[in-house]
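Here are my notes on the salt bridges in this predicted model. Please read them with the structure open.

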Amino acid sequence: MRKRIYWLLPDLSSATRTMNDLLLARIGDQHIHFMAAEGADMNGLHAANVLQSSDLVQAAQSGLLIGAGLGSAAGVAAAYTLGSMAAPAAVVIAMAALGAVLGTWSSSMIGSSTPSRRLRRFEQAIGQGQYLLMVDVPRSRVTEIEALLERTHPEAHFEGREPNVPAFP
């Protein structure tokens with residue numbers, strides 16, 4: 001299990017030095033993510049992707065549940081309407097699966113264009129030109145990495161942790 005640690009960095013040079021320090025501390029670049037204002041120079045940084053910067057995963061999960069529920073309800077209605085023409089359980093299962101697929105797809109399209117709710121608190125700082133660092137570290141190394149960043153980057157601001165890193169982003 002990993003924990004996500006958030007830091008705000010004032011500029012690109014600070015962000016680059018921080019990334020290099022994390023790499024030297026043996027944190028893989030796949031666990032280091034940066035966000036900055038649109039159009040900001042991200043040269044040399046591992047930019048956050050749509051999974052880290054949007055509500056895609058949460059929206060897809062919600063769409064799956066809502067779509068499966070609505071599909072099941074439609075399946076029950078269809079099974080009663082069709083009567084003895086079809087196996088009622090098969091109709092309900094097929095409609096639930098169809099609803100789950102359509103719900104997941106449509107919700108993920110909306111979620112991919114919606115900024116992450118977890119990152120809303122950083123919008124103002126990012127808009128002012130700061131760089132947001134999201135680093136996913138093993139639970140056993142959280143204190144060590146926080147101490148390293150506090151010691152080597154006094155210009156950076158610790159912004160908290162997430163107790164559990166989502167499985168996908």
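1. Start with R4 and D136. Their side chains form a salt bridge, with the closest N and O atoms 2.7 Å apart. The two residues are 132 apart in the chain, so the pair links distant parts of it. R4 sits in strand β1, residues 2-9. D136 sits in strand β3, residues 131-138. Both R4 and D136 are buried.

2. Next, R141 and E144. These side chains meet in a salt bridge at 2.9 Å, N to O.

3. Then R161 and E146. The side chains meet in a salt bridge, 2.6 Å from N to O. This pair also links distant parts of the chain, 15 residues apart. R161 belongs to strand β4, residues 157-162. E146 belongs to helix α6, residues 142-152.

4. R161 is partly exposed, because its relative accessible area of 42% falls between 20% and 50%. E146 is buried: its relative accessible area is 9%, under the 20% cut-off.

5. Finally, the count. How many salt bridges are there by this rule? The count comes to four, where a side-chain nitrogen of Lys or Arg must lie within 4 Å of a carboxyl oxygen of Asp or Glu. Among them are R4 with D136, R141 with E144, and R161 with E146.

Methods
Residues numbered from 1 in each chain as written. Predicted model: local features only at pLDDT ≥ 70, side-chain atom pairs only at ≥ 80, totals over all residues. Heavy atoms only, no water. Helix = DSSP H or I, 4+ residues; strand = E, 2+ residues; numbered from the N terminus. Buried < 20%, exposed > 50% of the residue type's maximum accessible area, 1.4 Å probe, protein only.
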